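Here's a quick briefing to go with the model. Have the sequence and the 3D view open while you read.

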Amino acid sequence: MENQATRAALIPKVYCSIFGHDYHVTKKVTKHVKEYTCRHCGKQLTTTSDGSLVELTPKFKEINLILERIYLAKTKRLKRKTITSSIY
Ligand SMILES: [Zn+2]
């Protein structure tokens, strides 16, 4: 079996500039915002609030953490509300 990490290290970043990045979702922040990482060079992208893809900078990582917290709090509240309304 091929080791992903070793393979990524052996293939130069030139690969991506020729064949394009091979992004896969590494984290679901909210329903609409996701983080992506390239399988070959490890470059990270994120969706922004307006739906475009940008490079995942430390600033965006911070924003995503806050977004995730808000999203989780919201979904938790919604679940609690559903349970309460089904009791009464
Ligand atoms: Zn790449």
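Strands here are DSSP runs (E, at least two residues; for helices, H or I, at least four), numbered from the N terminus, and two strands pair if DSSP finds at least two bridges between them. What you're looking at is a predicted model, so to speak plainly about cut-offs: local features need pLDDT of at least 70, side-chain atom pairs count only at pLDDT 80 or more, and totals for chains, interfaces and linings use all residues. Residues are numbered from 1 along each chain as its sequence is written.

**The sheet**
- Four strands make up an open, antiparallel sheet, running β1-β2-β3-β4 in order.
- β1 and β4 (53-55) sit at the edges, each pairing on one side only.
- Ignoring direction, neighbouring strands are turned by 35° against each other on average (axes are lines fitted to C-alpha atoms, for helices over the stretch in contact, and angles between N-to-C directions run from 0 to 180 degrees).

**β1 with β2**
- Five bridges hold the antiparallel pairing of β1 (residues 23-28) and β2 (residues 34-38).
- The two form a hairpin, with five residues between them.
- Histidine 24 has threonine 37 of β2 as its bridge partner.

**β2 with β3**
- β3 (residues 44-47) pairs with β2 over three bridges, again antiparallel.
- Threonine 37 turns up here too, opposite glutamine 44 in β3.
- This hairpin has five residues between its strands, and glycine 42 takes a positive phi near 80° in it.

**β3 with β4**
- β3 and β4 run antiparallel, joined by three bridges.
- Leucine 53 in β4 stands opposite threonine 47.
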